[in-house]
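Me: I have a structure to study and some questions about it. Can we go through them one by one?

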Amino acid sequence: MCKHVLNAQVSVRAACCKRWFDCPQCHAESSTHDLKKTDEIIFLCKKCKKAFRKDINECEEADEYCPHCDNQYVVEAKTPMAVLGVEGEDARVDNRLIKDDRARATAGSSMFDKDSADKLG
């Protein structure tokens, strides 16, 4: 599983070390050498688990699909992104996290009130 490209559809065999990687960044992180460039690339489809070769010089639009299972492997990469979110449930579904400033607080309704602390002990 690649942490750089979340929707990788194929693994690529590096010509330099004959190992499989999902992206060039994965190769750079786990190897001490540079990635060797080649005209013929060997792919391994993650859907049908079959390998196939493609020549970069003869690529066509039909070459975006696995020849064994028609899985489209040339897709826009989804990379992990930081997301800012609100902790808790959706306020439209569960509104217990929202405090209504218009309503008066009743005495003894909070566990941090002095009066209720005396009652607990």
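Reply: Start with one term: pLDDT is the predictor's confidence in each residue, from 0 to 100. We need it here, as this is a predicted model.

Me: What is the mean pLDDT of the protein?
Reply: Look at the residues and at the average. Of the residues, 65% reach 70 or more. The mean pLDDT of the protein is 76.

Me: Which element has the lowest mean pLDDT, and which the highest?
Reply: Compare the elements by their mean values. Helix α2, residues 114–120, is the lowest, at 53. The highest, at 90, is strand β2 (residues 20–21).

Me: Is D55 buried or exposed, or in between?
Reply: D55 belongs to strand β4, residues 51–55. Buried means under 20% relative accessible area, and exposed means over 50%. The value for D55 is 28%, so D55 is partly exposed.

Me: Which residues does D55 touch, leaving out those up to four places away in sequence?
Reply: Take E40 to begin with. It is 15 residues from D55 in sequence, yet their C-alpha atoms are 4.5 Å apart in space. With residues up to four places away left out, D55 touches D39 and E40.

Me: Which residues form the largest nonpolar core?
Reply: In soluble globular proteins, nonpolar side chains tend to be buried together. Here the largest such core has 7 residues. They are C2, V5, A8, A14, F21, C23 and C26.

Me: How many residues does the other core have, the one that lies apart from it?
Reply: Its members include V10, F43, C66 and Y73. The size of this other core is 6 residues.

Me: What does C26 touch, not counting residues up to four places away in sequence?
Reply: C26 is one of the residues of the largest nonpolar core. Its contacts, counted that way, are C2, H4 and F21.

Me: How much space lies in the largest pocket?
Reply: Rolling a probe the size of a water molecule over the atoms shows where empty space is left. For the largest pocket, that space is about 310 Å³.

Me: Which lining residues are closest to the centre of the largest pocket?
Reply: The lining has 15 residues. By class, 9 are nonpolar, 2 polar and 4 charged. β1 (10–13) and α1 (24–30) each supply at least two of the lining residues. Closest to the centre are V12, P24, L35, K36 and I41.

Me: What is the volume of the second largest pocket?
Reply: Its lining includes V5, N7, D22 and Y73. By class, the lining divides into 9 nonpolar, 2 polar and 1 charged. The volume of the second largest pocket is about 240 Å³.

Technical notes. Residues are numbered from 1 along each chain as its sequence is written. This is a predicted model: local features need pLDDT of at least 70, side-chain atom pairs count only at pLDDT 80 or more; totals for chains, interfaces and linings use all residues. Side-chain values use heavy atoms; hydrogens and water are left out. Helices (H or I, at least four residues) and strands (E, at least two) are DSSP runs, numbered from the N terminus. Buried means under 20% relative accessible area, exposed over 50%, partly exposed in between (1.4 Å probe, protein chains only). Contact means heavy atoms within 4.5 Å. A nonpolar core is a set of buried Ala, Val, Leu, Ile, Met, Phe, Trp, Tyr and Cys residues joined through side-chain atoms within 4.5 Å. On a 1 Å grid over the protein atoms alone, a cavity is a set of points where a 1.4 Å probe fits but cannot get out, and a pocket is an open set with protein on both sides within 12 Å along at least five of seven lines; lining residues have an atom within 4 Å of a point. Grid points are joined across faces, edges and corners, and a volume is the space filled by probe spheres set on the points. Ala, Val, Leu, Ile, Met, Phe, Trp, Tyr, Cys and Pro count as nonpolar, Asp, Glu, Lys and Arg as charged, and the others, Gly among them, as polar.
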